[in-house]
Structure formats: structure tokens, C-alpha cells
Amino acid sequence: MTSKQKKSRKGKKAPTRTKQVMRWHLDGTFPGNDPNGQPVGEDFRVVAHDVICIVKDLITGTPLSDPREIKIGITSRPVPYIDATTDPKFLLIFLSMTDDDLMVRRDYAKFAFQLGHELGHAVMGPLRTNGLIETLADAFSYEVLDRMNRLWERKYSATRPHWASWASHFTDYQKNEEAERFAGLPASIRNAVGEPDWPQVPDYLKNNLGILEMNLTEEAGLRLRSLGASALRRNKIPWKDLLGISGFTTPSAKDDPGFRSDLQTEVHLLPNAVRNILPRIGR
Ligand SMILES: [Zn+2]
């Protein structure tokens, strides 16, 4: 414990640094209990807490540029999304979870996967997206799943042993998701994925940049995003240098603070640490 974390003279706990990084809550769209009276919302709140701690760790406790509290809810839409323009008070994250996902399957991995991706957008800046930003957001979600696996094995072995033994489902979900998306890739690229060095992968991604941009949320784009995220994660990613990078477009997110998905990232404006990893994805 550092002196800053010790109780102040008034007897109140001094705020810890990470507390200011991301304020958040689950909204009322999460069910309280399942039909057997078992807590649902509270369990998912604990999972969200763990995911958020991991993302905070990735960005080494650096506060987000958008100081709004994050409100996490459920949507009936087929895909999750983040909305930074509707509510002046909250950054809204909507996760695409059915009642079965929440109450029957208790699909904590699907929840962590989606939340990790949307928090990646919150970190990079929620007002812009494009092929590069979606690829990086996918890298966030894959990283979160792997780290959730390791965290749960350790953290809950004594207090919630059923969660500790459930931990490997996080990595299983990541691997299944990747395998599903990779299935649509040409055999030569699928084979290259398993090799120690992926010489064809950056070239393939470079040659398909147009397809990615035109199909950001379609199958043809999803597999390219996933391949890019995996290529990035084969080596270290400077997560904290990704803070705010989505705003580097023309016009910038500062100059035009509406949501835009039609602008490319101005790569020359990115921090060196981020520019240095882009050759892995052919940029
Ligand atoms: Zn996204």
C-alpha cells in the first residue's frame, strides 16, 4: 500500500488511481434473478468488474479521454455497439445477450468478448471506426478472454471454485471465434496461421484492405479483422499507446465530434509505438 492509498486523516479512504480511470455500472436491463432465484445481474456485474480491471491494466491505469461514466446495457440487436453521442451524461455500451445467454447458459465468455471489444473502442475513442480500429478492438477482446482465463483460475480457486474451473471457457470461446472466422480464409492463409512466422499474412491483409473497409461488420470483413487481431497479438501490443488514436482522422474527432465510420486513420499522426506494430497487418 502506498502512502496515497492509506486512510486520510479524516478517516476516509483516499481514492485510488484506478478509480478515476473508468466509472461504470450495469443498467436495469440486466435481470436480477433467474427463475430459480439465483442472482444473474450481480454475477454479471462481477464479470464486468473483472473485464474492466483487465482493460485498466492494459492501459496501465491511464484515464480515458472521455470522462463520462460507462453505462452497460443489453440490446436486442444482433451485434453489440457503443454510443457516445446520444446521452450527454453516459458513454453507452450495449451488449447483444439473450435471456438464454444470461440466465440459462450464463455465457460469461460471450459477455467478456463483447465487453472487451466495446471497451477497446472506449479506450481508442468511440467517435470513429474503420478497418484498423475494428481490428484493434478485436485484439482487445481476444486479449481480455485470455486474461480472464488466467485471472479466474487464480482469483476464484478458493471463493468460487465453480468459476475457477469454468475459466478455460474464456480461452475456448476465443479459439472457437477465431476458428469460425478463419474458416472463410483461403487454405494458404489458414495454413500460414499455424507457422512460426506468418510471411503471407501481412501481404494478404494489405491486398484485402478495400474488402475490409467495405465489409466492416460483414463476414468478409470479420475474418480479416480476426486475422489482423491474431497477427497483432503474436507479439507485444502497446495497449496504452492506443488511447485516443481513433480520433486521428481528417477531420479529427475533436474538430468533428460526431460518429464517423467513413474516415481512414492518419497513420503518420499515431504514436511511434503504434506505428511500429502496423507492419504485422500489412500497413
Ligand atoms: Zn467494433
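Two strands count as paired if DSSP finds at least two bridges between them. Strand 3 and strand 4 pair in this predicted model, and Asp 83 stands opposite Leu 92 in strand 4.

- Four strands make up an open sheet with mixed pairing, in the order 1-2-4-3.
- Strand 1 (24-26) and strand 3 (81-83) are the edge strands. Each has a single partner strand, so one side of each lacks a neighbour in the sheet.
- On average, neighbouring strands of this sheet are turned by 20° against each other, direction ignored.
- Strand 3 runs antiparallel to strand 4 (residues 90-95), and three bridges link the pair.

**Helices on the sheet**

- Helix 1 (residues 41-58) packs on the sheet and touches strand 1 and strand 2 (69-74). The direction of helix 1 makes about 150° with that of strand 1.
- Helix 3 (residues 108-124) lies across strand 2, strand 3 and strand 4. Helix 3 runs at about 150° to strand 4.

**Helix 3 in detail**

- Helix 3 has 17 residues. From first C-alpha to last, helix 3 reaches 24 Å, close to the 24 Å expected at 1.5 Å a residue.
- Helix 3 is mostly covered, with 17 of its 17 residues buried.

**The nonpolar core**

- The largest nonpolar core has 66 residues. Val 51, Ala 112 and Leu 145 have the most contacts inside this core.
- Several elements each supply at least two residues of this core, among them helix 1, strand 2, strand 4, helix 3 and helix 6 (168-182).
- Helix 4 (131-155) is also one of these contributors. The largest share, 11 residues, comes from helix 4.
- Ala 112 is in contact with Val 47, Val 51, Val 144, Leu 145, Met 148 and Phe 170, leaving aside neighbours within four places in sequence.

**Helix 8**

- Val 201, Tyr 204 and Leu 205 are buried in helix 8 (residues 200-207).
- Seen down the axis of helix 8, the buried residues fall within an arc of 95°, so they line one face of the helix.
- Lys 206 and Asn 207 are exposed on the other side of helix 8.
- The buried residues of helix 8 pack against helix 7 (187-193) and helix 10 (219-233).
- Helix 8 and helix 10 each supply at least two residues of the largest nonpolar core.

Methods. Residues numbered from 1 in each chain as written. Predicted model: local features only at pLDDT ≥ 70, side-chain atom pairs only at ≥ 80, totals over all residues. Axes fitted to C-alpha atoms, helices over the stretch in contact; angles between N-to-C directions. Contact = placed C-beta atoms within 7 Å. Buried ≥ 20, exposed ≤ 12 C-beta atoms within 10 Å, placed from the backbone. Arc of directions from axis to C-beta. Core = buried A, V, L, I, M, F, W, Y, C linked by C-beta atoms within 7 Å. Expected span 1.5 Å × (residues − 1).
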